[in-house]
Amino acid sequence: MKILTLSHDEIHRGSLILVNQSHALDEGAAEDLIPVTRSEPSVLLQRPAAQALAGLMDAIEGWQHIAFVSAWRSRREQQEIWDDSLRENGPEFTRTYVALPGHSEHQTGLAIDLGAKQEQIDFIRPEFPCTGPCRDFRERAAEFGFILRYPQGKEDVTGIGHEPWHFRYVGTPHAIIIQKQDMTLEEYTDYLKRFPRGKCLRCVTEDGREACLSYIEACADRMRLKLAEDGPYTLSGNNVDGFILTEWR
């Protein structure tokens, strides 16, 4: 049996952290940032997200038709974008399409904005149509662990306007469940609380593997978690009140 010791601070780390207007980003959350491609060394994502994005783009030959717009941002850069948008677009537009500094998914290193390749690309609202390579990306995103973070009709839940260009890495099988259930990350975070350890949510992936998902409340400053010695697993904080354990069977 394997025993993990978890500190309360670790709820702010991992691919399933919820960052929005109500839940600020922990400044140390963006770990192990790497370039997504050699040709764009300044475009950074956390390693699992970068590797998954590279795999997805290779699968659809996406780099020929899809351009980077924005990936990881420092707090300073997010503040500059917020301030510039306030001056140029006003407060209503800015609150709808730009996250507050400290509350932006881009600061996690798990989110990326993409746009169709063209001479002029709008940095705040890039074009990402429902046709061609952009459609192919959207259709296969969950397979590689990405979700459309701000879907249409969910603005009251996310606090952000519909952004068809903004994708967030949450990993598999979580992205597949979120897509099938038509959820936002906010809704998924609450949904998983129905499945404490011992009452897990089971999901069978396309390759036949079974994943068992459990919510673990962070009820103390330090916790001990017992795991099977030979079973692969991933563990992520939710940036709210606990952890999500994914055990592969």
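This is a predicted model: local features need pLDDT of at least 70, side-chain atom pairs count only at pLDDT 80 or more; totals for chains, interfaces and linings use all residues.
**Helix α2**

I started with α2, which runs over residues 75-89. I counted 15 residues and found a reach of 20 Å from the first C-alpha to the last, close to the 21 Å expected at 1.5 Å a residue. I then looked up which of its residues are buried, and found Gln-78, Ile-81, Trp-82 and Ser-85. Seen down the axis of α2, these buried residues fall within an arc of 100 degrees, so they line one face of the helix. I noted α3 (91-97) as part of what covers them. On the face turned away from the buried side I found the exposed residues Arg-76, Arg-87 and Glu-88. Just after α2 I noted Gly-90, with a positive phi of about 90 degrees.

I also looked at a salt bridge here, between Asp-84 and Arg-87, with the closest N and O atoms 2.2 Å apart. Both residues lie in α2, 3 residues apart, about one turn of the helix. I have Asp-84 as partly exposed at 32% relative accessibility, and Arg-87 as exposed at 61%.

**Cysteines**

I searched the whole structure for disulfides and found 1. Cys-200 and Cys-212 form it, with their sulfur atoms 2.0 Å apart. The pair links distant parts of the chain, 12 residues apart: Cys-200 is in the loop between α7 (185-191) and β8 (201-204), and Cys-212 is in strand β9 (residues 210-217). Cys-200 counts as buried at 17% relative accessibility, and Cys-212 counts as buried at 2%.

I checked two other cysteines for a partner. For Cys-130 the closest cysteine sulfur is in Cys-134, at 8.9 Å, too far for a bond. For Cys-203 the closest is in Cys-212, at 11 Å, again too far for a bond. Cys-130 is exposed at 61% relative accessibility, whereas Cys-203 is buried at 11%.

**Nonpolar cores**

I found 31 residues in the largest nonpolar core; Leu-45, Leu-53, Ile-66, Leu-114, Phe-128, Phe-137 and Phe-146 touch the most other members. Elements that each supply at least two residues of this core include β3 (40-46), β5 (111-116) and α4 (132-140). Helix α1 gives the most to this core, with 7 residues. Apart from this core I found another of 21 residues, among them Ile-147, Ala-175, Met-183 and Leu-213.

I went back to Phe-128 and listed its contacts, leaving aside neighbours within four places in sequence. Among them are Ile-66, Leu-114, Phe-137, Trp-165 and Phe-167.

I counted 16 salt bridges. In one of them, Asp-241 meets Lys-193 at 2.7 Å, N to O. Asp-241 lies in the loop between β11 (233-237) and β12 (242-248) and Lys-193 in the loop between α7 and β8, so the pair ties together parts that are 48 residues apart in sequence. Asp-241 is partly exposed at 23% relative accessibility, and Lys-193 is partly exposed at 30%.

I also found Arg-197 paired with Glu-247, the closest N and O atoms being 3.2 Å apart. Arg-197 is in the loop between α7 and β8 and Glu-247 in strand β12, 50 residues apart. Arg-197 is partly exposed at 37%, whereas Glu-247 is buried at 10%. My last entry is a network: salt bridges that share partners join Glu-105, Arg-149, Arg-168 and Glu-186.

Methods
Residues are numbered from 1 along each chain as its sequence is written. Side-chain values use heavy atoms; hydrogens and water are left out. Helices (H or I, at least four residues) and strands (E, at least two) are DSSP runs, numbered from the N terminus. The expected span of a helix is 1.5 Å times one less than its number of residues. Buried means under 20% relative accessible area, exposed over 50%, partly exposed in between (1.4 Å probe, protein chains only). The arc is that of the directions from the helix axis to the C-beta atoms. Contact means heavy atoms within 4.5 Å. A disulfide is a pair of cysteine sulfur atoms within 2.5 Å. A nonpolar core is a set of buried Ala, Val, Leu, Ile, Met, Phe, Trp, Tyr and Cys residues joined through side-chain atoms within 4.5 Å. A salt bridge is a side-chain nitrogen of Lys or Arg within 4 Å of a carboxyl oxygen of Asp or Glu.
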